[in-house]
Amino acid sequence: MSRVRTLVVAGWFTGEGEGFRLVGTRCSACRSVFFPREDAFCRNPGCRGGGLIELSLSKRGESGRIPTLVTDPHHPM
């Protein structure tokens, strides 16, 4: 049985077969890398900003994550 790759989010991936990669962006000023890609501004709070360059991410490495809490602002906790 062969495996079929189905892209869930358009624009997050590039390539085929062994060349398959995630797509991210890198700030030209501070060199911070972002995934998912950032198109508006550098998310690094210590950076004054620079151009964002699209890049294919490596197959190896780690992706960090930041927890997000979504609450109803009208509901007391």
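Mentor: A disulfide is counted here as a pair of cysteine sulfur atoms within 2.5 Å. This is a predicted model, in which local features need pLDDT of at least 70 and side-chain atom pairs count only at pLDDT 80 or more, while totals for chains, interfaces and linings use all residues. Side-chain values use heavy atoms, leaving out hydrogens and water, and residues are numbered from 1 along each chain as its sequence is written.

Trainee: How many disulfides does the structure hold?

Mentor: A disulfide is a covalent bond between the sulfur atoms of two cysteines. The structure holds 0 disulfides. Cys 27 is in none, its nearest cysteine sulfur being that of Cys 47, 3.7 Å away; Cys 47 is likewise in no disulfide, with the sulfur of Cys 30 nearest at 3.7 Å.

Trainee: Is Cys 27 buried or exposed?

Mentor: Buried means under 20% relative accessible area, exposed over 50%, and partly exposed in between, with a 1.4 Å probe and protein chains only. Cys 27 counts as buried because its relative accessibility is 0%, and Cys 47, at 16%, also counts as buried.

Trainee: Where is Pro 36 found, and what is the peptide bond from Phe 35 to Pro 36, cis or trans?

Mentor: Most residues other than glycine have a negative phi, and most peptide bonds are trans. The bond from Phe 35 to Pro 36 is cis, with omega near 0°. Strands (E, at least two residues) and helices (H or I, at least four) are DSSP runs numbered from the N terminus, and Pro 36 lies in the loop between β3 (33-34) and β4 (52-56). Arg 31, a residue other than glycine, has a positive phi near 70°, and its place is in the loop between β2 (21-27) and β3.
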